[in-house]
Amino acid sequence: MDEMDRVTVIAPVNIAVIKYWGKRDEKLILPINDSVSVTLDTSIMCAKTSVCFGPEFTENEIWLNGVKTSFSNPRLVNVLDKIKNIAATQRSVDNAVLSWKVRVCSENNFPTAAGLASSAAGYACLVTALAKLYKIKTDVSVLARIGSGSACRSVFGGFVRWHAGVNADGSDSIATQIADSTHWPEMKALILVVSDIKKHTSSTVGMMNSVNTSDLLKYRAKYTVPRRTEEISEAILKKDFAKFAELTMKDSNQFHAVCLDTYPPCVYMTDVSHKIVEIIHAYNDMCGELKVAYTFDAGPNACLYLLDKEVPTLLKLIKYLFPTSNLDFVIGLGDVDGGDCKFLNSFPIQPQAKDIIKYVIHTKVGKGPEFVTSHLLDKKGNPLNVK
Ligand code: ADP
Ligand code: DP6
């Protein structure tokens with residue numbers, strides 16, 4: 001087997017600022033509203049996936065984080081089937097190749113299934129690699145969407161919009177780039193990891209329950225999101241941070257209000273999450289303008305968006321309010337000294353108990369998927385790093 005038969009890709013996570021929540025088609029993964037996200041740098045958080053195929057393999061196999069897992073997951077099967085169908089239509093590989101089995105080996109360098117968008121990075125990675133392996137030419141965001149809705153936004157860097165589309169076959173439900181990763185280099189993200197254990201209600205199940213029971217979700221999809229997607233796209237293009245922050249926080253709040261309006265309710269934010277919300281509002285009030293935005297996905301962890309000049313002070317504040325015994329508390333781009341201390345003495349919220357926040361991932365806006373040559377499968381297609 002030569003190098004051409006192994007393809008390896010790294011792909012980013014993305015954290016939405018206008019949330020996707022609710023499908024109009026469960027099988028094709030078509031959303032009820034547009035969404036907007038920021039792609040985060042792969043040098044800090046990424047999925048890495050190697051794929052290969054061969055006549056000697058007797059079954060499709062996948063290893064995730066060093067552990068062999070079942071390939072029977074319907075989403076995985078759908079993704080592979082769709083790619084093979086396109087390959088057959090485009091005659092991009094020999095017919096014999098279409099009968100070969102595949103091997104997939106993937107690793108995330110951050111916690112999987114903990115509300116940190118591993119499925120988005122994972123499926124963006126997988127489809128980019130498989131599309132190259134099968135030599136097909138197609139919109140990769142459509143393929144990623146079949147794996148996990150939010151994954152379609154991870155096929156681009158920078159600021160990305162997923163258009164819900166109206167076609168029944170999903171052909172217009174694609175992601176496009178609002179601005180690339182160099183557009184707003186001052187934009188940074190701090191992910192406050194409150195918990196990195198698996199969430200109890202998956203996004204897939206939670207949003208299905210919301211579609212079936214929440215009246216607020218109908219209002220949100222019809223009236224709120226169409227306006228917000230336009231406004232936030234404009235704020236991004238103009239680099240209007242205050243507007244970006246206001247829309248981001250309001251949308252996170254409305255998304256979690258929808259979760260509570262769901263019957264039975266899905267509760268993703270915890271007391272710590274709510275404390276973080278209170279802290280960010282108090283900070284912005286003290287500054288007299290919106291300097292930091294919070295957003296929460298289907299889990300308790302906060303993603304804070306802020307400009308780099310704000311990072312030192314905010315990190316100082318977080319360390320003061322959330323004392324830690326973790327020597328590596330701020331990872332990724334790391335800690336930054338020099339924050340303004342005057343806030344600490346007069347801050348209206350008292351320090352919390354120790355070790356409530358496990359660690360902070362300091363990161364920035366980044367590029368989309370990239371091909372790399374350090375494979376996770378050896379030349380015979382056997383996985384490296386198996387546990
Ligand atoms: P998260 O909040 O991390 O996206 P989800 O529960 O939505 O969590 O999705 C986790 C699922 O996504 C995993 O159980 C697995 O099926 C899939 N997944 C995660 N990472 C990868 C990866 N690198 N390659 C393929 N699939 C992945
Ligand atoms: C709260 O993309 O994980 O993160 O399409 O069922 O795989 P499926 O759901 P998923 O949902 C993401 C929900 C969210 C908001 C967002 O990323 O827009």
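Start with Arg153: an N or O atom in its side chain is 2.7 Å from an oxygen atom of ligand 2. This is a predicted model, where local features need pLDDT of at least 70, side-chain atom pairs count only at pLDDT 80 or more, and totals for chains, interfaces and linings use all residues; side-chain values use heavy atoms, with hydrogens and water left out. Residues are numbered from 1 along each chain as its sequence is written, while chains are lettered from A and ligands numbered from 1 in the order in which they are written.

Back to the ligand. Arg75 has a polar side-chain atom 2.6 Å from an oxygen atom of ligand 2. For Asp297, a polar side-chain atom lies 3.5 Å from a ligand 2 oxygen. A polar contact here is a pair of N or O atoms within 3.5 Å; within protein, one must be able to donate a hydrogen and the other to accept it, and residues adjacent in sequence count only if both atoms are side-chain atoms.

How much of ligand 2 does the protein cover? On its own, ligand 2 has 460 Å² of accessible area, and the protein covers 94% of that. Those areas are Shrake-Rupley values with a 1.4 Å probe; for residues, only the protein chains shown count as cover.

Now the shell. There are 18 residues around ligand 2, and Tyr20, Lys23, Arg75, Ser148 and Ser150 come nearest. Near means that a heavy atom of the residue lies within 4 Å of the molecule or strand. Helix α5, residues 203-213, gives the most to this shell, with 3 residues. Helices (H or I, at least four residues) and strands (E, at least two) are DSSP runs, numbered from the N terminus.

Next, Asp251. It lies in helix α7, residues 241-261. Is Asp251 buried or exposed? Buried, because its relative accessibility is 0%. The cut-offs: buried is under 20% relative accessible area, exposed is over 50%, partly exposed is in between, with a 1.4 Å probe and protein chains only. A polar atom of the Asp251 side chain lies 2.7 Å from the backbone nitrogen of Lys19. Beyond its neighbours within four places in sequence, Asp251 is in contact (heavy atoms within 4.5 Å) with Val17, Ile18, Lys19, Arg220, Val225 and Arg228.

Leu237 is in helix α6, residues 215-238. Its C-alpha atom is 7.6 Å from that of Ile178, 59 residues apart along the chain. Leu237 touches Ile178, Ala179 and His183, leaving out residues up to four places away in sequence.

Helix α9, residues 311-321, is mostly covered, with 8 of its 11 residues buried. Among them are Leu314, Leu317, Ile318 and Leu321. A general point: an α-helix has 3.6 residues a turn, so residues three or four places apart point the same way.

Last, backbone geometry. Which bond joins Tyr263 and Pro264? A cis peptide bond, with omega about -5 degrees. Pro264 sits in the loop between α7 and α8 (271-287).

Two non-glycine residues have positive phi. Arg91 is at about 50 degrees, in the loop between α1 (74-90) and α2 (95-98). Arg91 counts as exposed because its relative accessibility is 71%. Lys239 is at about 55 degrees, in the loop between α6 and α7. At 39% relative accessibility, Lys239 counts as partly exposed.

That's the tour.
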